[in-house]
Amino acid sequence: MKRIFQKGASALLALAMAVSPALAASSFPDVAENAEYSEAVEYLKGTGIMCGDDKGNFNPDKTVTRAEMVTIICNMLGETENLAVSNKFYDVATTHWANRYIAKAIDLGFISGYGNGKFGPDDTVTYEQAITMLVRAMGQYSAADEAGGYPNGFIYVANERGYLIGISANKGDQMKRQQIATICYNIIMGGTEA
């Protein structure tokens, strides 16, 4: 897990320095300039971590799938090159658009699937699943395990590190794009102690 954190921390530091957090008006017509998440959305767009659809919309209230979540995290960590195909999960075809990102996430150790060879790439990611993936990707698996493991320990660690600032969600909630953008932005900006 240290390898993930070290690589992830370096990539996140580079991102934080590369793009100014004080960004102008939203470039997405469906993201209001004064929306609480607009700065996060613009930052993630500017760094290539998240993008809009083919019509130029961000779709802030659209839910995020587990495959999309893995892709966002790989983008955030800068783990987007030399991606190999995997057949680790029977429900992720080698031709699935996110297969290579899912394979990279397995290699990095921040996903393990549902068990019995199933990942559920098109399932909507829940609050606790997203938080667990992110905390693992940041190399904080041990701290989360010591705090109670899945899911409460991961939520506790994310809250302690300031990842959940501005997020109002509960276990079982389906995560929206604006929420994932906010959490990723909090991580990149270093969060703050709760």
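User: Starting with Asn59, what is its relative accessible area?
Analyst: Asn59 has a relative accessible area of 24%, so the residue counts as partly exposed (buried means under 20%, exposed over 50% and partly exposed in between, with a 1.4 Å probe and protein chains only). Please keep in mind that this is a predicted model, in which local features need pLDDT of at least 70, side-chain atom pairs count only at pLDDT 80 or more, and totals for chains, interfaces and linings use all residues. Residues are numbered from 1 along each chain as its sequence is written, and side-chain values use heavy atoms, with hydrogens and water left out.

User: Where does Asn59 sit, and what is its phi?
Analyst: Asn59 lies in the loop between α2 (38-47) and α3, where helices are DSSP runs of H or I with at least four residues, strands are runs of E with at least two, and the numbering starts from the N terminus. The phi of Asn59 is near 60°, which is a positive value in a residue other than glycine.

User: Which other asparagine has a positive phi?
Analyst: Asn82 has a positive phi of about 55°, although it is not a glycine, and this residue is found in the loop between α3 and α4. With a relative accessible area of 77%, Asn82 is exposed. As background, most residues other than glycine have a negative phi, and most peptide bonds are trans.

User: Ok, where is the cis peptide bond, then?
Analyst: The cis bond joins Tyr150 and Pro151, with omega at about -5°, and Pro151 lies in the loop between α6 and α7.

User: What does Gln129 touch?
Analyst: Leaving aside neighbours within four places in sequence, Gln129 is in contact with Arg66, Tyr114, Thr124 and Tyr150 (contact means heavy atoms within 4.5 Å). Tyr150 is also the residue joined to Pro151 by the cis bond. Gln129 itself is found in helix α5 and is buried, with a relative accessible area of 13%.

User: And which residues of α7 are buried?
Analyst: In helix α7 (residues 152-160) the buried residues are Gly153, Phe154, Ile155, Val157 and Ala158, and what covers them includes α5 (127-137) and α6 (141-146). After α7 comes Gly162, whose phi is positive, near 85°.

User: How far is Val157 from Glu146?
Analyst: Their C-alpha atoms are separated by 9.7 Å, and the two residues are eleven residues apart along the chain. Glu146 has its place in helix α6 and is exposed, with a relative accessible area of 72%.

User: Switching to α3 and α4, at what angle do they pack?
Analyst: Helix α3 (residues 66-77) and helix α4 (residues 99-108) pack at an angle of about 65°, with their axes 9 Å apart; axes are lines fitted to C-alpha atoms over the stretch in contact, and angles run from 0 to 180 degrees between N-to-C directions. The contact is made by Ala67, Val70, Thr71, Cys74, Asn75 and Leu77 of α3 together with Tyr101, Ile102, Lys104, Ala105 and Leu108 of α4.

User: What about Glu68, which residues does it touch?
Analyst: Glu68, which is found in helix α3, touches Lys62, Thr63 and Trp97, not counting residues up to four places away in sequence. Glu68 is partly exposed, with a relative accessible area of 23%.

User: How many disulfides are there?
Analyst: A search of the whole structure finds zero disulfides, where a disulfide is a pair of cysteine sulfur atoms within 2.5 Å.

User: Why does Cys184 count as buried?
Analyst: Cys184 counts as buried because its relative accessibility is 0%, whereas Cys51 is exposed, with a relative accessible area of 53%.

User: Last one, how many helices and strands does the chain have?
Analyst: The protein chain comes to eight helices and zero strands, and 48% of its 194 residues count as buried. Among contacts between residues at least 6 apart in sequence, 67% join residues at least 24 apart.
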